[in-house]
Amino acid sequence: MNSMNYGNLFAITLPETILEIVSLLVLIVDLGWLRKSAQAARMAVACWLGVLGCGGAIAWLMLHPEPVGIAGGALAASSLVAAAQIGILVLSALVLLLSVRVEFSRNPGEFVAIVLLATTGMLLVTAARDLLVIFVALELLSLSLYVLTAFAKSSAQSSEAALKYYLFGGMSAALMLFGFSYLYGLTGTTSLTGIAAALASQSVSPLLVVALVMVAAGLGFKVAAVPFHLWAPDTYQGAPAPVTALIASGSKVASFAVLIAVTGAFLPAAYAGQGASWIVVLVWMAAGSIVLGNLAALAQTSVRRLLAYSAIAHAGYMLLGIAAHTAQSGAAVLYYALTYALTTVGAFGVIALVERETGSDRFDAFAGLSRRNPLLAATMLLYLLSLAGIPPLVGFWAKFNLFASVLRSPSAGVWGLGLVALALGASAVSLYYYLQVLKRIYVAKPAQVEPIAVSSLEMATLVLIAAAVVVLGLLPSVLSGWIPLG
Amino acid sequence: MLAYTIYLSFAGALVLALWPRGRMRAARVFALAVALGGLAVGLAGFVAAGSQGAVAIADLAWVPAMGIHYTLAADGISRVLVLLTGLAAVAGILFSWNIGDKEGDRANEFFAFFLALIGGVYGVFLSVDLFLLFVFYEIAIVPKYFLIAIWGSTRREYGAMKLALYSFAGSAMVLIGLLAAYATAGSHTMNLHELAQYPFPVSFQMWAFPLVFTGFAILAGMWPFHTWAPTGHVAAPTAASMLLAGVVMKLGAYGCLRVAMTLFPHGLDPWGFSFLGIGSWRTVFALLAVIGIVYGAAVALVQNDFKFVIGYSSVSHMGLVLLGLLTLSQIGIDGAVLQMFSHGVLAGLLFATVGRIVYERTHTRDLGLLSKLQLGKAMPFAAWLFVIAGMASMGLPGFSGFVAEVQVLIGAWHAFPWFAVVAGVGIVVGVAYTWRAMQRAFFSDTPAVDSNGAAIAVPEYEPVTWAEKAGVILLAGTSLLIGLYPRLLLDAIEPAVRALPHALLMGGR
């Protein structure tokens, strides 16, 4: 860290800087000029400013595809990092587009500003390659999300969800910091590359095992993997819908990106025979998440909780790719995370609209949706079938790519095949609960028949996401410029 | 050219999904036109190819980085099954001509799901790239759920869910096997023929073969994984039962032959030891097929729901297909493919008679109640139709079923003499259940008296429509044509079977 090149650092963090400036701008515009304006207008202005900010950051990343190097070892810039960052920005922009007409908050400026701060946190987490930067970025992300979860101030559920999220999150952050401190003590460095080098020449010590388990707990919380998943159902259920979409999408992508980076430092040593415990931990977390997520989802009658448990299951699939630890499986996990996140944003967009109309996210609220709004129902059909992994939608492709990369990994022996079989069997189970929702939408008779009104912006956003789900499934190579396949 | 069957069906499904509200009669005319187009293309492709071997149709790089290509080709087996799909699609639409008469039938959605299913089926029969084949295979599963759950009858949501979960569990097994084969062979190709060249270790084939075979055989209604079939058939609307029995179960049998047996022929080899006289996966599956033949027939014999009789008869007939495949001989596999075609046509005809012509008029399928309705007098058309279809289905010479069954039994006689004997018994039971159902439903001598002993007049039913007649002529005519002149299909099937991998036709040695 001694020879920091500030110009380089500025170039790498320009997208984050853009977001910070826009978030301040949103506050100034909203609180300075628009305080007397109608609530809806304020929200629209704030959201559109946020979308523009994301767009600016995306433009910068697209126009500078060349890696600019690592700023003193703390931040990485590679095409994969850029792909994840662009994806995160797209997801945040979509969440903002779907928030234009939400009514849970009387503070639009603050809402959008904090969404942008959370996005900044995600971008930094994705690029971070130093324990301290990772921790600080994760905290920026987490704290923003806690605040956002509590944003529906008049809703008791929202406050409860935020408190649970905060308590679990604070605990796991403390554990992770504790683990980081041991790692620093053992290796004398905070840089991931330095740690990897140091671990390669160390034998396994009890301290290292403790450190790894602590780190696994902290990151396991972020990706909602069993047994650190307990916050997810309550938070998914209580948070305002756009916030849940953000937690389930961008935050997931960022967390998996950092998990790939962190495991990249440990797994080479682990596969060389030192510290196999780390592999064991990952494999058990994956298997537990797949089994528990899918089984618990079967019993749900609230669509949000159902998607929360399905998110746990999907995290399990992705952890398989992380444990397999090859360059391809890393890329496959990222591809999976991005496409999963995109689909989930769409699903929560539909949930938000149904809730606005019916006031509930229970199965009954979705009854007869195909008759109340056929287009909305059709988009939900595509999202849920994609989550279930039905071709030709992108979810199937992502699963195929991920599991193929796991089976190909030289380090994944018999457990690779066994767990892929488990995951595929579990996704057959998952079809049951996704079909439960679709059954309400397409088969059940609606309690009311009047159409559900959807603004053209919301509909356009949802159709755009659905189109992406289909097109990426039909032409998987479209993204291969950013994320290499195979 | 045959690829247009796929595109036409999916394009038709898309148009119907976006169909304007209200113009439902036009929607079904459109659907019929699309299905006729598919049949015409399939027929033209069949005639043009004659007895040629495999004809390449398309080969485009799809995901080059992973060696996945959009590769379509059709050999004789594919061409025959494409033709069957076209017939089943047209007949299915003709026998759903009453959908769209009422307000709120959602006829456009019905036919959109119907055509999407058909498109997926065409795709499976034409795919050479296994990734592509799997994609089409799964596309065919989802519409079935909605067709049954929305437009079905008896316990429709249960039947639909059971069918979807069985299908999806089967396809998960298939996908495990395919992924493992793909990764083992170096993950640079998903082309069936290229993968089949790869020398997979025998130990690998010994677990991959039963896994993939079972995965596909679930959809072919193999005992004991057949239970989705009767409930699904009974719950489904007529057109969907016709497709289920007519083509969807064929997807399973086709997958068994085309994927499991072609890719892992050494999975059929003897284990080297024998347990209770069973010494290979080949014997295991042949035994299950024979059990299916006898069990399906025996259960059909005691059913009271007319549609369950046909549903279990499908299990029995598909057992014959699987037995034919496992004979691993030219004549047995020829017979199996011919039986696929024949059963597809005849099961469609039977379901149409029971589900559409009888049930839509009498509103009951209970054989006890039907026996009091004097249907032989009230519905002579339906009665004679069932006589013809039932005779054809039980294997009367002159219809397609006979040629197919004889070939399968000859093949089985060489491969597993005892199983051939038992399968023959199953065919005899087939005569019994068909006879019993026919007698009770149409020609019952239960006195037509009410509770006071007064004679009941022969009830009046709405006359048979032109669409029903057209569908009947199409299906029954096809069966008769193939029965009288089986070379029409066998000329295409035989070279294709001969071209199967050598290891497969070695008789498992």
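Chain B has 509 residues and a radius of gyration of 22 Å, taken over C-alpha atoms. The model is predicted, so local features need pLDDT of at least 70 and side-chain atom pairs count only at pLDDT 80 or more, while totals for chains, interfaces and linings use all residues. Residues are numbered from 1 along each chain as its sequence is written, with chains lettered from A and ligands numbered from 1 in the order in which they are written.

Along its principal axes, chain B puts its C-alpha atoms in a box of roughly 75 × 55 × 40 Å. There are 20 helices and four strands in this chain; these are DSSP runs numbered from the N terminus, helices being H or I with at least four residues and strands E with at least two. As for burial, 63% of the 509 residues of chain B are buried, meaning that 20 or more other C-beta atoms, placed from the backbone, lie within 10 Å of the residue's own. Of the contacts in chain B between residues at least 6 apart in sequence, 80% join residues at least 24 apart; a contact here is a pair of residues with C-beta atoms within 7 Å.

On to the core. A nonpolar core is a set of buried Ala, Val, Leu, Ile, Met, Phe, Trp, Tyr and Cys residues joined through C-beta atoms within 7 Å. The largest one has 413 residues, and A:Leu334, B:Leu322 and B:Leu323 touch the most other members. Leaving aside residues up to four places away in sequence, B:Leu322 touches several residues, including B:Met222, B:Cys256 and B:Phe285.

In chain A, helix H4 (residues 79-99) reaches 30 Å from its first C-alpha to its last, close to the 30 Å expected for its 21 residues, at 1.5 Å times one less than the number of residues. H4(A) is mostly covered, with 20 of its 21 residues buried. A:Ile312 sits in helix H14 (residues 303-324) of chain A and counts as buried because it has 26 C-beta neighbours inside 10 Å. Among the residues that A:Ile312 touches, beyond four places in sequence, are A:Val226, A:His229 and A:Leu292.

Finally, the two chains meet: 27 residues of chain A are in contact with 25 residues of chain B. Helix H18 (394-408) and helix H19 (414-442) of chain A are the elements giving two or more residues to chain A's side, and H19(A) gives the most, with twelve.

Note on methods
Rg over C-alpha atoms; globule rule 2.2 N^0.38 Å. Buried ≥ 20, exposed ≤ 12 C-beta atoms within 10 Å, placed from the backbone.
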